[in-house]
Every structure is written in structure tokens, then in C-alpha cells.
Amino acid sequence: MQQGKDIISRYTTWLRLEKSLSANSIEAYLTDLDKLNRFIETEGKTYADVTYQDLQQFVAQLHDIGIHPRSQARIISGIKSFYRFLLLDDYITIDPAELLESPKIGLKLPEVLTVNEINDILDSIDLSLPEGQRNRAMLEVLYSCGLRVSELITLRYSDVYFDEGFIKVEGKGSKQRLVPISDTAIREIKNYLYDRNLVPVKKGYEDILFLSRRGTGLSRIMVFHVIKQQTGMAGVQKNVSPHTFRHSFATHLLEGGANLRAIQEMLGHEKITTTEIYTHIDREFLRKEILKHHPRSFRRE
């Protein structure tokens, strides 16, 4: 670890003296490098051990959790710069990043909301309406847990473990996973349960958490409509869909320093390579990751 610190210290000097970068630019380079450092640490490797295939996997994970192509390109540029330095510094003899390609910037991914924009959307909901608290709890869960809209509308009340701080989610291919849920989302669900108990529930929907006023489950279109309506009322000038909340969840966790594999596990993604088996991630580790890095882990006043 000390050796790694020495390398980064020399790299910082190189960026300042040889590349003539400003303090802000150097900080940006080091922030992106830190993402690679966490990946390498997870893999149990050193800078010298990293291969082109390892870097491809790292980039694939960035894409898989929804990092915008422009941000991917910036991170890749920083990695290539770092490995050029390692080559010049005689720390390595072959540059594994030399052939690493940036994504096509034209690739359109959903927008990412800021934490303030998400708060504005939630605060725009009229809680005096019968469906107000339901919508607030629903969008909070969507963001706090990074769910797909299909997972949100099929979420069961019996799959919310309030005391343990987890929800059980059924994702694609009927595969189940446990996802940590923030105290904020739990509080919003509990506030919603009073209104939910007043709804005459139709047979077959008794255990569905988020219900329509008719006592049935919500459709994807209904969730989309709620988001569009509240985004407009909040004055957010972005093209927002349910998936935008999911991408924001992943992006905010990554920006906060969360482990890439933990994010992937929480999102319920399949393996992104067929050459490597992903290690099992302990449930408690996942919960610590989200409590440490997700904005909703810090109480809103």
C-alpha cells in the first residue's frame, strides 16, 4: 500500500510539472484514478499485474451501472495517462491501457438527476391528495434502492424487512436479490401504509405494496406518468423516466466511492464477462456500502 502511495505521489508531481495541469485538473485525475484503485483492490492485484482484459472489465462495469459515456471517456483518459506515466517511470514494461478505447460519445443514456433535483421532485408531491404519500414513497424507493420499474410495481409488502433494512426484489428471469433500503425510504413507506390500509384491495393484490386507488397494482405507464408530472411541477428541465432514478442511484453511489461490484450486485445485473466468476458479496457488506455512500443515508431536514 505504501508503494502505491509513493507511485501516486510521483504521478501527481508528473501531472503538475510535466503536464502543467492545474490543481483542479490534478484533483479530477486522482478522483478518477481512485475508482480504478478500488477495482484493483477488489481484484487483489497491483498496478503491474493489471492486464488489458482487467481494464476492459473495469470499463464494462462503468457502462453496466449506467455511467454516462462522457464520464466513461474522461475516466479512461485518466487511466491511459496514469499507465503512460508508469511506463515512463519504468514501473511497467508493457502498457495495458494502450489499446483501451473510449465509448462512442453519441451513445445516449438516460439523464442523471442531482440529489437536489430528486429532492425537488419529491417535494413537489401534494401530500394532501389520496395518492400523494404513495407517490412519494414509491419514488423514494425507486431512487433509494435503484429498482427497475417492473421491480417497483411488483414489490410485495411481505418482502420489505423493516427491522433488517432490506427489501427482497424479484428481477429479470425471476431472480431474487436482497437490496439495502435507506431509513428515509422506510419512513416514507411507513407513512404510506396508513393510506394504503384505506384502499379496498382487489383479490390477488393483497400483498402488493404500491396500489392504485382501485385496489390493484400500478402499471409501468402510471409510474411514468407520475414521474413526468412531478418532474414538470418541480421545474426540472430534463427528460426523466423511471430508469433515470435507477441511473442516478448508481451514479451517486459511484461518485460517493462505493465499490463497483457492490453497485452491480444491488442493481441485479448479470455477469458482464464470461471469463470470470464474480465473488459473492456479503449482505452486510452491501448494506454498509449503501449506508456509507448513498445520499439517502444522510438524514434530510
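1. **Basis.** This is a predicted model, in which local features need pLDDT of at least 70 and side-chain atom pairs count only at pLDDT 80 or more, while totals for chains, interfaces and linings use all residues. Residues are numbered from 1 along each chain as its sequence is written, and side-chain values use heavy atoms, with hydrogens and water left out.

2. **Overall make-up.** The protein chain has 12 helices and 3 strands. Helices (H or I, at least four residues) and strands (E, at least two) are DSSP runs, numbered from the N terminus. Of the 301 residues in the protein chain, 50% are buried. Buried means under 20% relative accessible area, exposed over 50%, and partly exposed in between (1.4 Å probe, protein chains only).

3. **Surface and contacts.** The protein chain exposes about 15600 Å², and carbon and sulfur atoms supply 51% of it. Accessible areas come from the Shrake-Rupley method with a 1.4 Å probe; for residues, only the protein chains shown count as cover. Take the contacts (heavy atoms within 4.5 Å). Among those between residues at least 6 apart in sequence, 62% join residues at least 24 apart.

4. **Helix H4.** H4 covers residues 69–88, 20 residues in all. From first C-alpha to last it reaches 28 Å, close to the 28 Å expected at 1.5 Å a residue. The expected span is 1.5 Å times one less than the number of residues. Just after H4, aspartate 90 takes a positive phi of about 65°.

5. **Sheet layout.** The 3 strands form an open sheet in the order E1-E2-E3, with antiparallel pairing. E1 and E3 stand at the edges with a single partner strand each, so one side of each is left without a neighbour in the sheet. Two strands pair if DSSP finds at least two bridges between them.

6. **E1 with E2.** Strand E1 (residues 160–161) and strand E2 (residues 166–170) run antiparallel and are joined by 2 bridges. Valine 160 has isoleucine 167 in E2 as its bridge partner. Tyrosine 161 stands opposite phenylalanine 166 in E2. The two strands form a hairpin with 4 residues between them. In its turn, glycine 165 has a positive phi of about 80°.

7. **E2 with E3.** Strand E3 (residues 176–180) pairs with E2 in the antiparallel sense over 5 bridges. Isoleucine 167 stands opposite valine 179 in E3.

8. Side chains of opposite charge can pair when their charged atoms come close. The structure holds 12 salt bridges. A salt bridge is a side-chain nitrogen of Lys or Arg within 4 Å of a carboxyl oxygen of Asp or Glu. Asp32, Lys35 and Arg74 are linked in a network of such bridges.

9. **Aspartate 89 and arginine 10.** Their side chains meet in a salt bridge at 2.7 Å, N to O. Aspartate 89 lies in the loop between H4 and helix H5 (115–123), and arginine 10 in helix H1 (residues 2–17), so the pair ties together parts that are 79 residues apart in sequence. Aspartate 89 counts as partly exposed at 28% relative accessibility. Arginine 10 is partly exposed too, at 35%.

10. **Arginine 136 and aspartate 123.** This salt bridge has its closest N and O atoms 3.6 Å apart. The pair links distant parts of the chain, with arginine 136 in helix H6 (residues 132–145) and aspartate 123 in helix H5, 13 residues apart. Arginine 136 is buried, with a relative accessible area of 14%. Aspartate 123 is partly exposed at 44%.

11. **Lysine 168 and aspartate 159.** Here the closest N and O atoms of the salt bridge are 3.7 Å apart. Lysine 168 counts as partly exposed, at 26% relative accessibility. Aspartate 159 counts as buried, at 13%.

12. **Asparagine 135.** This residue lies in helix H6. At 6% relative accessibility, asparagine 135 counts as buried. What does asparagine 135 touch, not counting residues up to four places away in sequence? Asparagine 135 touches Ile125 and Val226.
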